[in-house]
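Good morning, and thank you for coming.

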Amino acid sequence: MKSINPDDFKVVRPIELSKIPTLLVEGSSDEEEEDKLDKVREKLSELQDVMYAHNRYGVLICLQGMDTSGKDSLIREVFKEFNSRGVVVHSFKTPNSTELEHDYLWRHYLALPEKGKFAVFNRTHYENVLVTRVHPEYIMNENLPGIEKVEDITPEFWQNRMEQIRNFEKHITQNGSIVLKFFLHMSKEEQRERLLRRLEEQKHNWKFSTGDLKERERWADYMHYYQEAINKTSTAYAPWYVVPADDKEMCRYIVGKIIWEEMQKHTDIREPEMDEKVKENIELYKEILRKE
């Protein structure tokens, strides 16, 4: 398998999702991909330990994708070697009554990673310019000034939200958060096969929802809004990566490798050095402990 280059997946200019492949053919087996992922996640685990000691950065990993794109299993497999204290996963569902009493970004601010830790957003603040664009009636639940009916939601409203999201990400990156955003790019045919598998395999029946079929009918709309959101919010400080997701094993490896490669750019992340006074007396402290 050739080396994964993050720049091959990073969005640095306007893209057309329909022209980006959903399957990366490398000629490697699932076992080879899993072995590659094993090595990457071990490195990430070691890096997280150093980050925890360094205590200067938090890392926010944002995962977006259509239903069945593999977000849950990716989280399980990529971060399985992490110390449990070092990573927190947030799955954002429909806002509850308390969250709706605040602006739409409030609950995401609350879930940002502490210094030294990773946070994974499984579905993210981008739902507010994706699902709500396909279903603008959801905006009415926010009880916003000047929005009395769906027809009051103008194109300018959505452009303002894109700008607000860019500003949100700029603010947190200027204050120590490293933000990496991944769109798991799956084909409609692959989703059909995965939904069928949920129905055909009893142990996966519980995952199936009739709502998945209703949302599937709006596939073209979702792709349009994903494309617009990605193009308008992929920045140098919070880049988007479009990752082929038809092959789950390959997708996991690519995401893990990109995280590792991008983190290597932060060369200041290192374990803190021992205090000079302690270092000067290290032999004394050893002797004290040996005599106990």
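Let me begin with a definition: a residue is called buried if its relative accessible area is under 20%, exposed if the area is over 50%, and partly exposed in between, using a 1.4 Å probe and protein chains only. The model is a predicted one, in which local features need pLDDT of at least 70 and side-chain atom pairs count only at pLDDT 80 or more, while totals for chains, interfaces and linings use all residues. Residues are numbered from 1 along each chain as its sequence is written, and side-chain values use heavy atoms, with hydrogens and water left out.

Phe 182 belongs to strand 4, residues 177–185. Here helices (H or I, at least four residues) and strands (E, at least two) are DSSP runs, numbered from the N terminus. What is Phe 182 in contact with, leaving aside its neighbours within four places in sequence? Contact means heavy atoms within 4.5 Å. The partners of Phe 182 are Ile 61, Cys 62, Leu 63, Gln 64, Trp 240, Tyr 241, Val 243, Val 255, Ile 258 and Ile 259. As for Tyr 57, its C-alpha is 19 Å from that of Phe 182, and 125 residues separate the two in sequence.

For contrast, please turn to Glu 280, in helix 10 (residues 276–280). Is Glu 280 buried or exposed? With 61% relative accessibility, Glu 280 counts as exposed. The C-alpha atoms of Glu 280 and Arg 166 are separated by 48 Å, and the two residues are 114 apart along the chain.

I now come to the aromatic rings. A pair of aromatic rings is described by the distance of the centres and the angle of the planes. Rings of Phe, Tyr and Trp (its six-membered ring) pair if their centres lie within 6.5 Å; planes under 30 degrees apart count as stacked, over 60 as edge-to-face, and the rest as tilted. How many aromatic pairs does the structure hold? There are nine. In one of them, the ring centres of Phe 82 and Phe 118 are 5.1 Å apart and the planes stand at 90 degrees, so this pair is edge-to-face. The pair links distant parts of the chain, 36 residues apart: Phe 82 is in the loop between helix 2 and strand 2 (87–91), and Phe 118 is in strand 3 (residues 118–122). Both Phe 82 and Phe 118 are buried. Ring pairs also bring in Phe 79, which forms a cluster with Phe 82 and Phe 118.

Another edge-to-face pair consists of Phe 157 and Trp 158, with 5.0 Å from centre to centre and 85 degrees between the planes. Phe 157 is buried at a relative accessible area of 15%, and Trp 158 is buried at 6%.

Next, a residue in a loop. His 135 lies between helix 4 (131–134) and helix 5 (155–173). Its relative accessibility is 12%, so His 135 counts as buried. Not counting residues up to four places away in sequence, His 135 touches Glu 215, Arg 218 and Tyr 222. With Glu 215, the side chain of His 135 makes a polar contact of 2.9 Å. A polar contact is a pair of N or O atoms within 3.5 Å; within protein, one must be able to donate a hydrogen and the other to accept it, and residues adjacent in sequence count only if both atoms are side-chain atoms.

Finally, the spaces in the model. On a 1 Å grid over the protein atoms alone, a cavity is a set of points where a 1.4 Å probe fits but cannot get out, and a pocket is an open set with protein on both sides within 12 Å along at least five of seven lines; lining residues have an atom within 4 Å of a point. The largest pocket holds about 1500 Å³ of space. It is lined by 48 residues, and closest to its centre are Asp 67, Lys 71, Lys 93, Arg 123 and Asp 212. Helix 2 gives the largest share of this lining, four residues.

The structure also has one cavity of 30 Å³ or more. The lining of the largest cavity includes Ser 69, Gly 70 and Arg 252, and its largest share, three residues, comes from helix 9. Volumes here are the space filled by probe spheres set on the grid points, which are joined across faces, edges and corners.
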